[in-house]
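The following exercises concern a single protein chain.

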Amino acid sequence: MPTITAFESSPDRGRGQARDMRVRWALEEIGQPYDVRLVSFKQMKQPAHLALHPFGQIPTFEDGDLALFESGAIVLHLAERHAGLLPLGANARSRAIAWMFAALNTLEPPIVELGMAMLFERDKSWYEARLPMLQDRVRVRLGELSARLGDADWLDGAFSAGDLMMVTVLRRLNTSGLLDEYPDIAAYVARGEARPAFRRAFEAQLAAFTAASRS
């Protein structure tokens, strides 16, 4: 079975926002059993883990003699080798992959910047002045996404790896209040979270956090 790495004690406190969640969800969607190796923050900076992930982060993915890092690369690898995450048609497959890149390169950067400010800059003198700017940057992207999504269930026809990545990125806004301003996007995220594969992945990550908290 492939093995992935995840936080021994996740900083998201079991809310399913750590990036191993994306890989767990993909594995559940394709029906691939997997093992999880939990690593501490200290272990992530040790040579053994750095050999798998040169930047000392999670997740990593090991399957036989293949080792990968970066959640997007891992999900794409799985999607290309198993049915269920990419359409059969060549053009539709390319569009689904484009949505994966859009989630990671266009939506995630301003969302992460906002989240980091809300977590670590609240006590700074510039926080109150900077926050509206960061929120508006996210609103621009949400507005553009909303215009494209319209009343469709998914981004481009059937559910794909593009939707998987987009939903996991958008979930980072769950506590920001911004999704409430875009009911169509909030409903889109809820559809992703309602998928049985997502629920299984979420429960697995939550169980790991709960067990670590009790030890």
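**Exercise 1. Which residue forms a salt bridge with Arg199, and how far apart are the closest N and O atoms?**

Solution. Begin with the basis of the work. The model is predicted, so that local features need pLDDT of at least 70 and side-chain atom pairs count only at pLDDT 80 or more, while totals for chains, interfaces and linings use all residues. Residues are numbered from 1 along each chain as its sequence is written, and side-chain values use heavy atoms, with hydrogens and water left out.

Step 1. Apply the criterion: a salt bridge is a side-chain nitrogen of Lys or Arg within 4 Å of a carboxyl oxygen of Asp or Glu. The partner of Arg199 is Glu203, with the closest N and O atoms 3.6 Å apart.

Step 2. Locate the pair. Both Arg199 and Glu203 belong to helix H9, 4 residues apart, which is about one turn of the helix. Helices (H or I, at least four residues) and strands (E, at least two) are DSSP runs, numbered from the N terminus.

Step 3. Classify the accessibility. A residue is buried under 20% relative accessible area, exposed over 50%, and partly exposed in between, with a 1.4 Å probe and protein chains only. Arg199 is partly exposed because its relative accessible area is 36%; Glu203, at 41%, is also partly exposed.

**Exercise 2. Describe how strand S1 pairs with strands S2 and S3.**

Solution. Step 1. Two strands pair if DSSP finds at least two bridges between them. Strand S1 (residues 3-7) pairs with strand S2 (residues 35-39) in the parallel sense, over 5 bridges.

Step 1. Identify residues that face each other. Ile4 stands opposite Val36 in S2, and Phe7 stands opposite Val39 in S2.

Step 2. Turn to S3. S1 and S3 pair in the antiparallel sense over 2 bridges, and the bridge partner of Ile4 in S3 is Phe61.

Step 3. Check the burial of the strand: 5 of the 5 residues of S1 are buried.

**Exercise 3. State which residues line the largest cavity and how they divide by class.**

Solution. Step 1. Rolling a probe the size of a water molecule over the atoms shows where empty space is left.

Step 1. State the method. On a 1 Å grid over the protein atoms alone, a cavity is a set of points where a 1.4 Å probe fits but cannot get out; a pocket is an open set with protein on both sides within 12 Å along at least five of seven lines; lining residues have an atom within 4 Å of a point. Grid points are joined across faces, edges and corners, and a volume is the space filled by probe spheres set on the points.

Step 2. The structure holds 1 cavity of 30 Å³ or more. The largest cavity contains about 40 Å³ of space.

Step 3. Its lining consists of Ala6, Phe7, Ser10, Asp20, Arg24, Leu38, Gln205, Ala208 and Phe209. H9 gives the most to this lining, with 3 residues.

Step 4. Sort by class: Ala, Val, Leu, Ile, Met, Phe, Trp, Tyr, Cys and Pro count as nonpolar, Asp, Glu, Lys and Arg as charged, and the others, Gly among them, as polar. The lining of the largest cavity has 5 nonpolar, 2 polar and 2 charged residues.
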